[in-house]
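Here is a friendly walk through a structure, in questions and answers. Have a look at it first, and then we can go through it together.

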Number of protein chains: 2
Amino acid sequence: MDQIKVEILKLGKQAKVASQVCAQLDSSQKNKILQAMAKGLQADQNDILIANQLDFANAKEAKLSSALIDRLELNSARIASMSEGLAQVAELPDPVGRNLKNIKHQNGLLIDKVAVPIGVIVMIYESRPNVTADAAGLCFKSGNAVILRGGKEAKHSNFAILESLLRSGTAVGLPEHAIQLVETGDHQAVSELVKLNNCVDLVIPRGGEKLISTVSEMATVPVIKHYKGVCHTYVDASADLEKASSIVINAKCSKPGVCNAMETLLVDRVIAEKFLPTALSVLAKNNVELRGEAESKKYFPELKLATEEDWSAEYLDLILAVKVVDGVDEAITHINHYGSHHSDAIIAEDKAVQDKFRKQVDSATVYINASTRFTDGFEFGMGAEIGISTDKLHARGPMGLEELTTYKYIIEGNGQVRK
Amino acid sequence: MDQIKVEILKLGKQAKVASQVCAQLDSSQKNKILQAMAKGLQADQNDILIANQLDFANAKEAKLSSALIDRLELNSARIASMSEGLAQVAELPDPVGRNLKNIKHQNGLLIDKVAVPIGVIVMIYESRPNVTADAAGLCFKSGNAVILRGGKEAKHSNFAILESLLRSGTAVGLPEHAIQLVETGDHQAVSELVKLNNCVDLVIPRGGEKLISTVSEMATVPVIKHYKGVCHTYVDASADLEKASSIVINAKCSKPGVCNAMETLLVDRVIAEKFLPTALSVLAKNNVELRGEAESKKYFPELKLATEEDWSAEYLDLILAVKVVDGVDEAITHINHYGSHHSDAIIAEDKAVQDKFRKQVDSATVYINASTRFTDGFEFGMGAEIGISTDKLHARGPMGLEELTTYKYIIEGNGQVRK
C-alpha cells in the first residue's frame, strides 16, 4: 500500500475507535469541552492570525480570485465569531438520546426509537477556515467523530484552528482522535477517504460543482451533498409589486456571496412591462450586472444577452440572470430544470398559483412572498448548521445537530418470542 | 450510445415525468388504484402461476439451490398474500403531506416542514417475485415512481405480476410509467440505472453481499442498503435461563430463512457449563447444525469446528454458530465486528449489563430479553415494509411508507426580507 492509503486508513480506524467513545459522552462533558475550545480559540488568536497571513500571502501570489481570498481571510471579528459559534453549540440541546417514537406491541414489547450519533463523519470543504471550527463543534456535540479535509489554500489556518481546538479540548477530556484533519494536500486522500466503508459512515462535501461531482462519483460511503444554490424568484402576474421589488433587491443584494442569494429572476409576461423597467433599473443602481434573453432586453436595453450557462450559474456575485416566462407553469419547469433544488420563491397574491408553486417546485425550501435569504439553520430555529443539503435523503435544506444523528430501535421484553 | 444505455435512460426519463404526476395524486385516487391492483392479482392468478411454472422449470434445470427455488415458487396462497398486501397498503395512512414541524419566525414567517415523495426509486432485488407487487404498492402509495429490477431467475413471474398490476391499475388512473420493470437481464442495466443522477433519487438494493457491494461500488445515486442479517443472541451470566432457551429456539428455528433469524449464539463463559449442554441439545433435536470453537465443543461434542467465515455467515438455514465469550464486553466487540448491524439481542437480568449492550451495540434494532424475529415493519406498527435498512442514513431498520418520503420546507410570508 502506498503512503497516502496507509495514512488515510489510519485516520479512519482512529476515528472509528474515537466515535465509540464520543457516542457515550454525556451532555455536560461535551458542553464543557466545547466551552473550553471556544475560549481556546480566543486565547490562540495570534497564532491563528499568523497562520492565516501565510495562506493569505500564498493566495495572493497564486493570484486566486478576490472572492476566494475574501473567504479565506480571518481577523479578530471572524475568530470571535467562530469562538461564539462553539459556545452557542454548547448551549444547544443535545440531539443524542432524543426519544423519537414509542410503540407498545400487543404482546407487551416496548419498542423505542432513539436518536444516536451517526458515527464517523468526513467533511470535505473549500476555502473558509471557519468551517474547521464549526464542523468540529457540531459533529462533536452530536456525538460523532469527524475527519476534516479543508481546501489546500487554507491549510495553515485550518491547522492552527485544529491545534487550538485539540489543545484546549484535550485539557478537559476531548477523546483522542475525535477531531482529525487530513494532513496531506494530495487529491488521492479524498478518493481514499470516501471509500473507507468499514470506518466512515457519512461524507459531506460542501462546495462547488467539481468538488461535489468528484466526491459523489468516487464515494462508496453514503454522501450528503451541500451543493451550490441557484436560487430563483418568480414574480407572478398576481404579485404585489412593492413586495416583489423589495424581496428581489434583498434576495440579490443583501449578501450576494452566499448560497441562498437569488441568481435568476423570472417574471410573468403579463406584468413584465409594468415590473421590469423599474425593478431592473433599481438593481442596476445597486451595481447588479443584468443578463437576460431578448424579451427582457426590450424592457431594459442595458441588459447583456445571457448564454445557456447563465441559467444554471451560481454567480455568488452582483450578477443576475433575468427571464420573462409564460406564467407559473413555465416558471416551475425552468426552476426544476435549471435550479439546484436549494431555495426558490414565488411572489404572488393568487392562492391557486401559490399552491401550484409550493407543490410542484422540487426544492429543499420553497418561499411564498419572502426572500430566499432566510434559508439558514439559525433562521429555521436549529441554532446552527453544518451546511445546507441539496440532497433529498436523510437531511434536506439546513442541516443542524438533529440531522447529524441517526436512530436505533431498542426493544425491551421479558421473554417474548414470535409466533 | 449502446442499446442498453438508451433503454435505461428512457426508463429513467419516463419515471422522472411519472414521479411528478404521482406526487400530486390525492390519497383517495392512490387507494382506488391500489385496491384495483389487489383485485387484479387475484383475477390474473392463472397467468401468474403459468409464468411462475416457467421460472420454476428453468431454475430446476439450472440446478439452483432448494432455498432459492423455494423463494421463487408462487402458489394460490402466496398470490392471495400479495393481493392482501396491496389492499392493506391502501388502508394505511398516506405518508405524503404529513406536517412534520412548524416554526414561527419572530418576523412572522411561517416555516412548515412537510413530507413529500422522494421522487424516483430504483429497487434491485433477487428471487422472491412477491417483492415486485410489494415494492410497487409501497412506492406508489408514498407518491414515488419506481423502476423495478428483479432477479433473472424470476423474470417470467415478475413480468406476469407487473402486467397484471398495470392492466388493473391503468383502468382506474395509474399514471403512465409510475411502475416500470427493467426488461433486459443484462448486468449492464444495473450499472446504468445506478448512475442516472438526473432521473433517479434513490436506489434500494435488497439481497446478498455480491448484489449489495456491486451496487454500492457503482452507484453515484444515493443508496440505502438492505443487506443481510447476521443476527446475534448473547446470553449473559445474569440471564434467566428459561427465557434464554425459549428465545434462542425461537430466534433460530421459527423461520430460519429470513434475515431476522439468529445466526450466532454468544454465551457468557460464567454460565456456559450450565446453559450450553441443554440448550445445544434442544437445538440439535430441532435439526440445527451447530458450529463453534473448541470451548463450545467441550459442552457439546457433536458440534463442528467453525471457520472464520462462520462468524459473519448469514446461513438462512438450520445452522448456528456458537461462541463462548468473556462477558458483555467481548459480546459487544464480536457483534460490532462480525455482525451486519441488523438485529441483536441480549438475554440478561442485570440492568447495568443490559444498559451497556443497549448503548454500545451499533445495530438498527437492539433487543433486551426478546427474540430478534420481531424486526419487521408490521410488528413495529408500520403496517408494511419495503425491507430492512442496514444503513444508518435516512432509514435504519424496518423501512415503511414514512421512510419512503423526504420533506421540504414551505415558508410563507407577506414580504419579509432578511436584514
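Q: What is the mean pLDDT of chain A?
A: This is a predicted model, in which local features need pLDDT of at least 70, side-chain atom pairs count only at pLDDT 80 or more, and totals for chains, interfaces and linings use all residues. Residues are numbered from 1 along each chain as its sequence is written, chains are lettered from A and ligands numbered from 1 in the order in which they are written, and side-chain values use heavy atoms, with hydrogens and water left out. The pLDDT is the predictor's confidence in each residue, from 0 to 100. In chain A, 100% of the residues reach 70 or more, and the mean pLDDT is 95.

Q: Which ipTM does the model score?
A: Two scores are given for the model as a whole. The pTM is 0.95, and the ipTM is 0.94.

Q: How many residues of chain B are in contact with chain A?
A: Contact here means heavy atoms within 4.5 Å. On the side of chain A, 67 residues take part, and the number in chain B is 67.

Q: What area do chain A and chain B bury between them?
A: Buried area is the accessible area (1.4 Å probe) that two parts lose on being put together, summed over both. Carbon and sulfur atoms carry 50% of it, and the total is about 5,800 Å².

Q: Which residues of chain A lose the most area to chain B?
A: Three residues together make up 14% of what that side buries. They are Leu393(A), Tyr409(A) and Arg418(A).

Q: How many salt bridges are there between chain A and chain B?
A: A salt bridge is a side-chain nitrogen of Lys or Arg within 4 Å of a carboxyl oxygen of Asp or Glu. One example pairs Arg418(B) with Glu379(A), with the closest N and O atoms 3.5 Å apart. Over all chains the structure holds 50 salt bridges, and the count between chain A and chain B is 10.

Q: Why does the pair of Lys101(A) and Glu402(B) join two chains?
A: These residues form a salt bridge whose closest N and O atoms are 3.7 Å apart. The pair joins two chains because Lys101(A) lies in strand S1 of chain A, while Glu402(B) lies in the loop between strand S15 (397-399) and strand S16 (405-416) of chain B.

Q: To which strand of chain B do five bridges join S16(A)?
A: Helices (H or I, at least four residues) and strands (E, at least two) are DSSP runs, numbered from the N terminus, and two strands pair if DSSP finds at least two bridges between them. Tyr409(A) stands opposite Thr365(B). The two strands run parallel, and the partner of S16(A) is S13(B), residues 365-370.

Q: Which strands are at the edges of the open sheet of 10 strands?
A: The order is S10(A)-S9(A)-S11(A)-S8(A)-S7(A)-S12(A)-S13(A)-S16(B)-S2(B)-S1(B), with mixed pairing. Each edge strand pairs on one side only, and they are S10(A) (304-305) and S1(B) (99-104).

Q: What is the bridge partner of Thr233(A) in S12(A)?
A: Strands S7(A) (231-235) and S12(A) (343-347) pair in the parallel sense over four bridges. In S12(A), the partner of Thr233(A) is Ala345(A).

Q: Which residue takes a positive phi in the hairpin of S1(A) and S2(A)?
A: Five bridges join S1(A) to S2(A), which run antiparallel. Asn99(A) has Val114(A) as its bridge partner in S2(A). Five residues lie between the strands, and the one with a positive phi near 100 degrees is Gly108(A).
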